Amino acid sequence: MKLLSILCMGVLLSLPLQANELLTELAPNASTATSSDPLTTLPDRQAALPAVEKKATDEYLQPAPLADIPTGAFGDKVRLGYKLFVNTQQLRDKYVGNELNCVNCHMNAGIKANASPLWAAYFAYPAYRKKNDKVNSFQERIQGCFSYSMNGKAPASGSPELVAISAYSYWLGMSGLMAKYNVAGPVPELSDVELVKGAKRDDFPMPKAISEHLDVTALSQLPGRGFPKTPQPELAYSPVRGMTVYQAHCQVCHGEDGQGQMIAGIAALPPLWGPQSFNWGAGMHRVNTATDFIYENMPLGKSIQLTVQQAWDVAAYVNSFDRPQDPRFKGDVSKTQATYHQHQGYYGQSVAGNPILGSESYPVFPLKKSVKQ
Amino acid sequence: MKTSFYLFGILLSLPMCNVMHVNASETSSQQVIPAAAQLCTSCHGAQGQGMGVVGPRLAGLSAEYINNQLTLFQTGKRQNPTMLAMAATVQGDNIALVSEYFSQQAVADIPLQFRGDKVAISDPFEALAFQGDWSRVIPACTSCHGPSGVGGGQFPRLAGQEVSYLKTQLLSWQNGTRKGDVDNMMGNIAVKLTAAEIDGLSEFFANIK
């Protein structure tokens, strides 16, 4: 009884937040402006992407097969980017602080449309956002995913890792565009400095055969970008109902306790919450973002199987457990919540009578050997 | 017809079984075969190492998985005349005991290949195994079956399994004689595979030794 009523409260509480969601997009984040400590002053680089409506008529870009990546230094960077993206655990303890890999959320090595594909992302940066809460270059967006989704430490700007992931993203996108608009020859090589910027800029060397069809703005909104927005649920989302969905459709792979499953030393089935998953700053902790991802991509290999309501409910359930702390937390959960969590999420709230989420969160960027499952 | 073939297999394998039994007691690390598992060894080998077309390898599968499959045979969700009869011989606590025994038998160490190790993969079956084919919503086999298909938990080990067995399984999902995997998660994938892919993938995983 108690459990139920508390959860109901949670749902009621979250209703007004739903309406606020759009406003936070525009709200400046004063607290990130000055201080010099990079760890405690991370800007909100996980801000929600503009949700792109999915249409039946959408045609998605088809990047060239990986076998077409050229030999030589440029091709080597592209290949390294692929490898880091799919097996990000190579960077464990260096830049990665959980059991995840980029490919766990950006399915098919960042190629699958509607799973936030790299080929679409590359043309959407640099993206300027209001005030201090801006996402700059492409590499800064990647840094955001290291800090939050990977619960790690972002590689330095211009580092070989960021150059490689940028090169891979660029190659996917450009090879797709060139095929679509019949531009012959290999994907033009770019310098490292150019690569990490992204392609949403007037000085980007875009072949004319492409730019005469798609201007910079059109390129930044390619169909398939991000996770398509799931329709609103009929009933306000509920972690209680979500638990039933979880047990029926997710538990078998992600485990009763959400910790996934280790096979041969790697999380073949990735953890959804707890110390080894994404942290409270990651986009996936927002119920709406997780819903969009889950509805389109889970259970694995099914594509859309859940109903809209089930997707919302299970996303709420997954995000109603504790996980690694928000890296922008400076000792006061309610302040962190007020500054960064004015959206659909449970940070700073108590669900089912449990301690306030955020008050007992797991460490940010722990060493692998120090994390107990 | 099929049954008599299997019976023939048992007869043939009985003497062999004794030989292996001796081997087993020599390597003292192996635990004693529970009585309820004696019968099984005639087709699956004393250490569950498999006996070619007679019976697939059970070593390397988890207790959870074996346990579950025995129940699926018993309830007919997984249809196989031989195993229907064999699974009926283990009931109650013996199911767990037998499952435990086979799950503890050793399999050879294999070099592990992880997703992402190779970028351009020219063998189409290896590519399916490590990258999938998302144009048909087929995820990489190794994203559930683990690196090199070593398996774990309810995901069976594919690496080094008998080739004809792997093939039969994929076909039986296609013809509806194997069911019972939670939420049809493997069935959903098996039905998308072409005949050539079933052959190629079975070969590919069987050859990981």
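**Stop one: between the domains of chain A**

Domain 1 of chain A and domain 2 of chain A bury about 2600 Å² between them, with 56% of that on carbon and sulfur atoms; buried area here is the accessible area (1.4 Å probe) that two parts lose on being put together, summed over both. Before you select anything, note that this is a predicted model, where local features need pLDDT of at least 70 and side-chain atom pairs count only at pLDDT 80 or more, while totals for chains, interfaces and linings use all residues. Residues are numbered from 1 along each chain as its sequence is written, chains are lettered from A and ligands numbered from 1 in the order in which they are written, and side-chain values use heavy atoms, leaving out hydrogens and water.

To colour the domains, take 2-32 + 230-370 of chain A as domain 1 and 59-228 as domain 2; these bounds come from an automatic or database domain assignment. The contact (heavy atoms within 4.5 Å) draws 36 residues from domain 1 and 28 residues from domain 2. Now pick Gln276(A), Phe365(A) and Lys368(A): they supply 23% of the area that domain 1 buries against domain 2, more than any other three residues.

Stay on Lys368(A), which forms a salt bridge with Glu99(A), their closest N and O atoms 3.4 Å apart. The rule (a side-chain nitrogen of Lys or Arg within 4 Å of a carboxyl oxygen of Asp or Glu) finds 1 salt bridge across this interface.

**Stop two: where chain A meets chain B**

Show both chains. Here 29 residues of chain A are in contact with 29 residues of chain B, and the area buried between the chains is about 2300 Å², 66% of it from carbon and sulfur atoms. On the chain A side, select Val252(A), Ile263(A) and Gly301(A), which lose the most area to chain B, together 21% of what that side buries.

Which side chains meet in a salt bridge here? Asp183(B) and Lys302(A) do, at 3.8 Å, N to O.

**Stop three: helix α2 of chain B**

Of its 10 residues, 7 are buried, so the helix is largely enclosed by the rest of the structure; buried means under 20% relative accessible area (1.4 Å probe, protein chains only). Among the buried ones are Ala36(B), Cys40(B) and His44(B). Step just past the helix to Gly45(B), which takes a positive phi of about 90°.

Conventions. Buried < 20%, exposed > 50% of the residue type's maximum accessible area, 1.4 Å probe, protein only. Helix = DSSP H or I, 4+ residues; strand = E, 2+ residues; numbered from the N terminus.
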